[in-house]
Amino acid sequence: MGEKRSSFSGQVGFVLAAAGSAVGVGNIWRFPYLAAKDGGGLFLLIYIILVVTFGSTLLISDLAIGRKTKLSSIYAYDKVKKGWKFLGVITFFVPTLIMTYYAVIGGWITKYVTIYLSGGGHKAASNGYFNGFITSKMAPICFAIFFLAATSVIVYMGVEKGIEAASKFIMPILFVIIIGIAIFSLTLKYTGTDPVTGKEMTRTGLDGLKIYVFPDFDGLTVQRFFQILLDAMSQLFFSLSVAMGIMITYGSYVKDDVNLNKAAGQIELFDSIVAIFAGMMIIPAVYVFMGMDGMSAGPGLIFISLPKVFEAMGSAGTVVAVVFFVMVAFAALTSCVSVLETIVANCMELFHAPRQKVTAICTVLYTAASVIICLGYNVFYFEKTLPNGSVGQLLDIMDYISNNFLMPITSLLSAILIGWIVKPKWVIDEVTKNGEDYKRRYIYSFMIKFVVPVVMFILFLQSIGVFDHIRNFIVGLF
Ligand code: PHE
């Protein structure tokens with residue numbers, strides 16, 4: 001290639017860019033929804049334990065592979081160990097698939113920004129609005145293309161001038177907004193008649209906070225605990241953008257004097273704080289205005305439940321809604337940038353082509369892909385039952401293959417490669433190469449050799465529905 005490899009300017013730029021990738025719809029939408037479903041504080045506790053054990057192991061491994069090889073996944077794995085290029089290729093497929101639908105979701109969020117800006121908030125709160133929008137023919141396509149264009153411009157501008165500059169601007173703002181709305185959410189109050197008892201009652205934001213932070217052990221069975229653990233685990237993966245080559249690519253842009261262990265810690269901290277505050281922002285608000293029923297909204301939480309909450313807030317609701325959706329759009333943008341960057345970086349190495357050309361070609365291809373995904377809700381509509389029992393359309397299938405199927409496989413194989421073939425020392429040497437202190441090295445070795453492979457294998461079996469088959473089989477015997 002001959003060209004000097006691009007890099008982030010230093011630790012701060014890198015941490016913010018990586019946090020930009022990590023903080024996304026997963027933190028703001030998926031995390032609060034899982035916490036509400038999985039017993040509040042109990043989920044929080046398990047999640048935090050997983051972040052410092054699993055999260056840091058996976059993140060450090062990806063970053064070290066990237067920085068040591070200075071390559072993106074396809075060639076990086078080949079350089080770690082001859083013959084392991086196939087793992088790089090599997091890893092490359094994850095962002096390739098995610099990119100087909102990420103701009104579509106970004107487009108939905110952008111649509112909500114515009115609807116609140118134009119004063120149409122009450123429409124968004126009406127029943128069936130969201131479904132009506134995503135099943136319409138033109139609008140979702142236009143918004144997705146707009147979002148993809150914004151992403152492409154940033155990637156086109158390169159690592160330091162595009163990605164780092166955008167993240168340095170966006171991430172601090174996002175952080176302040178989320179804390180602001182979370183505090184506002186705690187001050188909310190609603191008085192009305194309880195539909196069940198018919199009595200007058202008041203619900204406050206602080207009541208909602210209690211539901212969120214106090215562990216709920218009611219009806220906790222071994223099976224349910226296991227389910228919460230798996231939910232927290234898959235959330236962690238998705239949230240930290242690990243096991244998809246993204247952190248390998250970002251790691252390859254990190255200068256040699258950066259303390260990787262410290263940087264990884266800061267990325268995890270940023271990501272977890274945003275997730276925890278997102279829960280503090282959403283759960284009390286939904287609880288105050290919708291009670292426990294609002295909590296079961298699941299994936300529709302931000303597009304269906306929240307507009308109703310904003311409506312109930314009165315005139316302040318519109319302002320909060322605009323600020324909220326702008327923030328989510330920003331969070332999604334920096335994540336989408338990291339997905340496209342990873343694809344572009346791999347292709348630049350693969351085809352020895354310049355960034356601008358590769359970005360342009362990828363943009364054209366993904367415009368087509370986004371259009372197809374949008375049409376998955378009307379022209380190409382079908383209902384497919386996935387191996388884990390949920391029913392989905394095109395978008396859900398892409399999401400399923402990348403997150404539930406490929407990601408456990410990549411981290412399983414990657415843990416085997418590091419833990420057993422090149423040995424954990426390979427990573428530890430990279431992390432401590434400037435004499436850095438890495439106290440957790442023993443935990444790291446233990447995790448990558450034993451815990452990660454076993455758990456990934458279980459996660460993989462769960463996602464292809466093996467446990468359900470076994471249960472059905474046993475139930476069938478009696
Ligand atoms: N980590 C992002 C989040 O928490 C999601 C993401 C997934 C980003 C895959 C990039 C790639 O939302």
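**Ground rules.** I am working with a predicted model, where local features need pLDDT of at least 70, side-chain atom pairs count only at pLDDT 80 or more, and totals for chains, interfaces and linings use all residues. Residues are numbered from 1 along each chain as its sequence is written. Helices (H or I, at least four residues) and strands (E, at least two) are DSSP runs, numbered from the N terminus.

**Entry 1: H1 against H13.** I looked up how helix H1 (residues 11-22) meets helix H13 (residues 260-295): their axes come within 9 Å and cross at roughly 40°. H1 is therefore oblique to H13. For the record, axes are lines fitted to C-alpha atoms, for helices over the stretch in contact, and angles run from 0 to 180 degrees between N-to-C directions. Angles under 35 degrees count as roughly parallel, over 145 as roughly antiparallel, 65 to 115 as roughly perpendicular, and the rest as oblique. The crossing of H1 and H13 is right-handed (the near helix is turned clockwise from the far one by less than a right angle).

I then listed who makes the contact (C-beta atoms, placed from the backbone, within 7 Å). From H1 come Gln11, Phe14, Val15, Ala18, Ala19 and Ala22, and from H13 come Ala263, Gln266, Ile267, Phe270 and Asp271. By class I get 8 nonpolar, 2 polar and 1 charged. Here Ala, Val, Leu, Ile, Met, Phe, Trp, Tyr, Cys and Pro count as nonpolar, Asp, Glu, Lys and Arg as charged, and the others, Gly among them, as polar.

**Entry 2: the ligand shell.** There are 15 residues around the ligand, and Gly24, Gly26, Ser239, Ser241 and Ser335 come nearest (near means a C-beta atom, placed from the backbone, within 6 Å). H1, helix H2 (25-37), helix H11 (222-240) and helix H15 (315-351) each supply at least two residues of this shell. I find 7 nonpolar, 8 polar and no charged residues in the shell.

**Entry 3: Ser241 again.** Ser241 sits in the loop between H11 and helix H12 (246-252). Its phi is near 55°, a positive value in a residue other than glycine. Ser241 is buried, with 30 other C-beta atoms within 10 Å (buried is 20 or more, exposed 12 or fewer, partly exposed in between, with C-beta atoms placed from the backbone).

**Entry 4: Lys70.** Lys70, also not a glycine, has a positive phi of about 55°. I place Lys70 in the loop between helix H3 (41-69) and helix H4 (73-80). Lys70 is partly exposed, with 16 other C-beta atoms within 10 Å.

Terms used. Two residues are in contact if their C-beta atoms, placed from the backbone, lie within 7 Å.
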